[in-house]
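Please keep the model in view while reading.

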Amino acid sequence: MSTEALRAPPAGAHAPPLVTGHGAGGPAPKRIIVGYGFWIFLLSDVIMFSSFFAAYAVLFKNTAGGPTAQQLFDLQNTAVETGCLLASTFTCGMASLAVGERNQKWTQLALLATGLFGLAFITLEVREFVSLVARGAGPSRSAFLSSFFTLVGCHGVHVTAGLLWLGTMMAQFYAKGFRQDVRHRFLCFSLFWHALDIIWVGIFSLVYLVGTLPPELLP
Amino acid sequence: MSGGHDFDAGSSVGEDRAPGAESAGEHTLGGEVRSYVLGLALAVGLTAASFWVRGTDLVYGPGLAMALLVLAVAQMGIHLIFFLHITTDPDNENNVLALAFGVLIVCLIVFGSLWVMQHLNHNMAPMQELMQMQR
């Protein structure tokens, strides 16, 4: 932090006024630039997901005589998955507080809990996918199922990548301590993890809860 | 440099905030934990409400889909405020503007696709007739 705050004034000049932000007072500190850049990436990721959501909504009724969402989805499984991801988002928030306090033990514990809840989520999702394929409802069965596996599978791939990232963050905090660049990476990771939960809110609400409504109640 | 803020005299003087970062004001650890717990409680409440609305017959049937959509948007808002710390503070302006643009594109893609495809489906001849015509 200290190196960021110290922007040396040009030789012989007066000290710059303490007015920063909105472009005044020179370029923003690196923490802001890193966070903002990653925020833009996340928004583009959300836009990618929105096109998968649109594809699912458009193709929802094209079951090609195959099984429908109402016959396939198990809402209890979805509820447990939702709980796991919500808990892991919460423990990720706790981890960012522990990082703020420079507390190695709580950082590692909170990140471990985040990882275990995430692992439980992805295990349940893979189990659901395997059981769907075993019942002959794989992605090649109908346009509806193709769009379902693309949307939900893409979210699952993101969670899996997030778990790998989480592991590297734990190792880096352990090996390198709370160095500034490691904390910047962790800020990006926590943004990523919270954003994935926001996507999941859309998935469990629209794909699972609205998707399994009786057909006559659908818009 | 003096008067550099004339163009937006109403906004605060200070650094912008990185998305996901806490506001720069005074914070106690206990207060921050409480804020996360409140966020979790609200998120769990809205999730439970979604599943309850799906199962109940107290809600007018054709309105169920819209009710679930509203609950989902509300929960996304809770996540943004309590977990991603996207707020309406002046130091958060850049993050909110980027988010607003993202939401605009998302709405264009989702509602635009649904709108166009619905009209296409409506105007297309039934598949049987189409195949007859091609013979």
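## Basis of the model

This is a predicted model, in which local features need pLDDT of at least 70 and side-chain atom pairs count only at pLDDT 80 or more, whereas totals for chains, interfaces and linings use all residues. Residues are numbered from 1 along each chain as its sequence is written, chains are lettered from A and ligands numbered from 1 in the order in which they are written, and side-chain values use heavy atoms, with hydrogens and water left out.

## Interface of chain A and chain B

In the interface, 51 residues of chain A are in contact with 54 residues of chain B; contact means heavy atoms within 4.5 Å. The two chains bury about 4600 Å² between them, 80% of it on carbon and sulfur atoms. Buried area is the accessible area (1.4 Å probe) that two parts lose on being put together, summed over both.

Zero salt bridges are found across this interface, a salt bridge being a side-chain nitrogen of Lys or Arg within 4 Å of a carboxyl oxygen of Asp or Glu. On the side of chain A that touches chain B, the elements giving two or more residues are α2 (30-59), α4 (75-100) and α7 (180-210) of chain A. Of these, α2(A) gives the most, with 14 residues. Helices are DSSP runs (H or I, at least four residues), numbered from the N terminus.

## Helix α2 of chain A

Helix α2(A) has 30 residues and reaches 44 Å from its first C-alpha to its last, close to the 44 Å expected at 1.5 Å a residue; the expected span is 1.5 Å times one less than the number of residues. Its buried residues include A:W39, A:D45 and A:Y56, where buried means under 20% relative accessible area, exposed over 50%, and partly exposed in between (1.4 Å probe, protein chains only). The buried residues of α2(A) pack against α3 (69-72), α6 (143-176) and α7 of chain A, together with α2 (64-82) and α3 (93-123) of chain B.

## Individual residues

B:S50 lies in helix α1 (residues 29-55) of chain B and counts as buried because its relative accessibility is 0%. Leaving aside neighbours within four places in sequence, B:S50 is in contact with A:F204, A:L209, B:L68 and B:L71.

Most residues other than glycine have a negative phi. A:R102, although not a glycine, has a positive phi of about 55°; A:R102 lies in the loop between α4 and α5 (104-134) of chain A and is partly exposed, at 43% relative accessibility. B:H85, also not a glycine, has a positive phi of about 55°. B:H85 is found in the loop between α2 and α3 of chain B and is buried, with a relative accessible area of 6%.
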